[in-house]
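Colleague: I have a new model open on my screen and would like to learn how to read it. Could you walk me through some features, one at a time?

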Amino acid sequence: MDRIALTAGALYVIVLLRAGGTFAVGWLAGAGARRSRFAERISSAKFRHVERAIQRWGAPVVAVSFLTVGFQSAANFLAGSMRMPLPRYLPALFVGGAAWALIYATAGLGVLEVLGRLFAERTALGVYAVAALLLAVCGVVVYRRRRTALSSGDTVAEES
């Protein structure tokens with residue numbers, strides 16, 4: 001149990017720094033955009049309405065984003081760029097970050113332990129499992145790239 005607590009604590013610090021940093025970068029990017037040639041576009045009534053909605057209701061989205069893969073950075077950046085107030089953002093960061101750290105500490109350590117035992121007791125089976133996992137990841141990447149290439153190819157053909 002001490003190992004899980006130590007790992008969760010370390011991951012919690014990491015996620016707070018990473019997500020908080022992403023929020024800060026978003027805040028700075030939003031401030032820069034408000035001073036740039038885009039200032040006119042982002043000062044429209046529709047944009048201000050969306051910004052107020054995110055400022056008011058974005059905290060639950062930020063907290064839940066930590067339970068997803070690939071969305072948490074976007075949610076934190078958007079919260080920063082849309083100037084979500086810190087009294088709303090920080091509780092979402094602390095709660096969501098804690099959930100993320102606990103999930104990755106328990107599940108992550110569990111997976112590493114299973115892989116460690118697999119390699120120690122049945123090395124060949126461990127190698128096959130890792131190879132199958134790598135092949136699956138490569139297959140997903142190739143599939144997505146082909147689908148993206150086909151989609152962009154269709155768009156180019158339609159524009160011509």
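Predicted model: local features only at pLDDT ≥ 70, side-chain atom pairs only at ≥ 80, totals over all residues.

Colleague: Let me begin with a single side chain. Does Leu134 count as buried or exposed, and why?

Modeller: The general idea is to look at relative accessible area, where over 50% means exposed and under 20% means buried. Leu134 has 52% relative accessibility, so Leu134 counts as exposed. As for its place in the fold, Leu134 lies in helix 5.

Colleague: Which residues make a nonpolar surface patch with Leu134?

Modeller: The patch is made by Val111, Leu115, Phe119, Val127, Val130 and Leu134, and it covers about 460 Å². Two helices contribute to this patch: helix 4, residues 86-121, and helix 5, residues 123-159, each supply at least two of its residues.

Colleague: Now for the aromatic rings. How should I describe a pair of them?

Modeller: You give two things: the distance of the centres and the angle of the planes. In this model the count comes to three aromatic pairs. One of them joins Phe23 and Trp27, with 5.8 Å centre to centre and 45° between the planes, which makes the pair tilted.

Colleague: Why are Phe23 and Trp27 separated by about one helical turn?

Modeller: Because they are four residues apart in helix 1, which spans residues 2-34. Their surroundings can be read from accessibility again. Phe23 is buried because its relative accessible area is 6%, whereas Trp27, at 36%, counts as partly exposed.

Colleague: What kind of aromatic pair do Phe23 and Tyr89 form?

Modeller: That pair is stacked, with 3.9 Å centre to centre and 15° between the planes. It links distant parts of the chain: Phe23 sits in helix 1 and Tyr89 in helix 4, 66 residues apart. Tyr89 has 1% relative accessibility and therefore counts as buried. Taken together, Phe23, Trp27 and Tyr89 form one aromatic cluster.

Colleague: Which residue lies over the face of Trp100?

Modeller: That is Arg18, at 5.4 Å from the ring centre.

Colleague: On to charged partners. How many salt bridges does the count come to?

Modeller: The count comes to two salt bridges. In one, Arg3 pairs with Glu113, and the closest N and O atoms are 3.2 Å apart. Arg3 lies in helix 1 and Glu113 in helix 4, so this pair ties together parts that are 110 residues apart in sequence. In the other, the side chains of Glu113 and Arg117 meet at 3.1 Å, N to O.

Colleague: Why are Glu113 and Arg117 separated by about one helical turn?

Modeller: Because they are four residues apart in helix 4. Arg117 is exposed, because its relative accessible area is 51%, while Glu113 has 34% relative accessibility and so counts as partly exposed. The two bridges share partners, joining Arg3, Glu113 and Arg117 into one network.

Colleague: Finally, I would like to compare a record with the model. Where does UniProt place the feature "transmembrane region"?

Modeller: The unreviewed UniProt entry places it at residues 59-78, 90-112 and 124-143. You can then look at how the model folds such stretches. Over residues 59-78 the chain is 70% helix and 0% strand, with the end C-alpha atoms 11 Å apart. Over residues 90-112 the chain is 100% helix and 0% strand, and there the end C-alpha atoms are 31 Å apart.

Conventions. Residues numbered from 1 in each chain as written. Heavy atoms only, no water. Patch = residues over 30% accessible without salt bridge, like charges linked within 9 Å, V, L, I, M, F, W, Y side chains within 5 Å. Areas by Shrake-Rupley, 256 points an atom, 1.4 Å probe, with all protein chains shown as cover. Salt bridge = Lys/Arg side-chain N within 4 Å of Asp/Glu carboxyl O. Buried < 20%, exposed > 50% of the residue type's maximum accessible area, 1.4 Å probe, protein only. Phe/Tyr/Trp six-rings, centres within 6.5 Å; stacked < 30°, edge-to-face > 60°. Lys NZ or Arg CZ within 6 Å of the ring centre and 35° of its normal. UniProt positions renumbered as here; feature names shortened; annotations may be inferred.
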